[in-house]
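Colleague: Before I use these labels, I want to hear what stands behind each one. Take me through them, please.

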Amino acid sequence: MRPAKSSTTSWFAAAIVVAVAVSGSLVAAQSAPDGENGRYSMTPIPEGVLRLDTRTGTVSTCTKNDAGWACYAVPDERSALDAEIGRLQGEVEKLKAQLAAGPTVSGKIDEALPKSDPLKKAEPKVAEGDRKLEIPLPSDQDLDRAMSFLEKAWRRLIDMANRVQKDVSGKI
């Protein structure tokens with residue numbers, strides 16, 4: 001009977017070893033992220049899969065289409081902000097260097113500017129009583145045009161009044 005017991009025990013021990021080996025390989029397979037030796041971590045999303053590159057930190061969205069799977073990098077706002085900050089810091093350093101170098105304004109003089117404007121025409125000095133205000137008068141041609149306009153307007157007004165009077169008298 002002993003041999004039977006021994007054989008059952010050895011089968012039982014072999015089954016335990018196989019079960020431990022299988023479960024260990026399953027645990028190892030589940031713990032490692034998908035991809036090249038654990039480089040990528042995948043997360044399902046409604047549009048497809050979100051892929052994180054654990055080495056570089058870039059995030060991509062992967063979607064399936066007729067040709068197969070395609071992954072596109074998600075725009076990284078932080079890198080754009082860092083680039084803009086770097087550009088502005090460079091510009092600030094450049095401006096500081098220009099200020100430290102001294103003034104670059106050409107044609108600057110140390111003497112004060114004159115109080116009067118040299119380009120302004122000098123007005124002749126006239127006594128208060130001698131000032132004259134001259135208003136140009138219209139020419140004869142301007143007066144004729146104005147009179148012609150007023151005459152046409154007056155005639156139209158009279159014609160309109162006559163038409164209204166005829167319309168009213170015809171209706172009564």
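**Labels and their grounds**

Modeller: Glu 151 is partly exposed, because its relative accessible area is 42% and partly exposed lies between buried (under 20%) and exposed (over 50%), with a 1.4 Å probe and protein chains only. This is a predicted model, where local features need pLDDT of at least 70, side-chain atom pairs count only at pLDDT 80 or more, and totals for chains, interfaces and linings use all residues. Residues are numbered from 1 along each chain as its sequence is written, and side-chain values use heavy atoms, with hydrogens and water left out.

Colleague: What makes Arg 155 and Glu 151 a salt bridge?

Modeller: The closest N and O atoms of Arg 155 and Glu 151 are 2.8 Å apart. The rule asks for a side-chain nitrogen of Lys or Arg within 4 Å of a carboxyl oxygen of Asp or Glu. The pair therefore passes. Both residues lie in helix 3, four residues apart, about one turn of the helix. Arg 155 counts as exposed at 52% relative accessibility.

Colleague: How many salt bridges does this rule give?

Modeller: Five. One of them joins Arg 39 and Asp 53, at 2.8 Å from N to O. Arg 39 lies in the loop between helix 1 and strand 1 (40-45) and Asp 53 in strand 2 (residues 48-53), so the bridge ties together parts 14 residues apart in sequence.

Colleague: Why are Arg 39 and Asp 53 called buried?

Modeller: Arg 39 has a relative accessible area of 18%. Asp 53 has 6%. Both values fall under the 20% limit, so both residues are buried.

Colleague: What about Arg 87 and Glu 84?

Modeller: Their side chains meet in a salt bridge at 2.7 Å, N to O. They are three residues apart in helix 2 (residues 77-101), so about one helical turn separates them. Arg 87 is partly exposed at 45%, and Glu 84 is partly exposed at 37%.

Colleague: Which residues do shared partners join into one network?

Modeller: Glu 84, Arg 87 and Glu 91, through salt bridges that share partners.

Colleague: How do you know that Cys 62 and Cys 71 form a disulfide?

Modeller: Their sulfur atoms are 2.0 Å apart. A disulfide is a pair of cysteine sulfur atoms within 2.5 Å, so the label holds. A search of the whole structure finds one disulfide. The link is right-handed, with 110° about the S-S bond.

Colleague: Are the two cysteines buried or partly exposed?

Modeller: Cys 62 is buried, at 4% relative accessibility. Cys 71 is partly exposed, at 35%.

Colleague: Where is Cys 62, and what is in contact with this residue beyond its neighbours within four places in sequence?

Modeller: Cys 62 is in strand 3 (residues 59-65). With contact meaning heavy atoms within 4.5 Å, its partners include Glu 47, Val 49, Arg 51, Trp 69 and Cys 71. Cys 62 and Ala 73 are eleven residues apart in sequence and 8.8 Å apart in space, C-alpha to C-alpha.

Colleague: How are the helices and strands assigned?

Modeller: They are DSSP runs, numbered from the N terminus: helices are H or I, at least four residues, and strands are E, at least two. The protein has three helices and four strands. Their order from the N terminus is α-β-β-β-β-α-α.

Colleague: What makes the nonpolar surface patch?

Modeller: Trp 154, Leu 157, Ile 158 and Met 160 make it, with an area of about 420 Å². Patch members need over 30% relative accessible area and no salt bridge; like charges are joined within 9 Å, and nonpolar side chains (Val, Leu, Ile, Met, Phe, Trp, Tyr) within 5 Å. Areas come from the Shrake-Rupley method with a 1.4 Å probe, and for residues only the protein chains shown count as cover. Leu 157 stands at 44%, so this residue clears the 30% limit and counts as partly exposed. Leu 157 is in helix 3 (residues 140-171).
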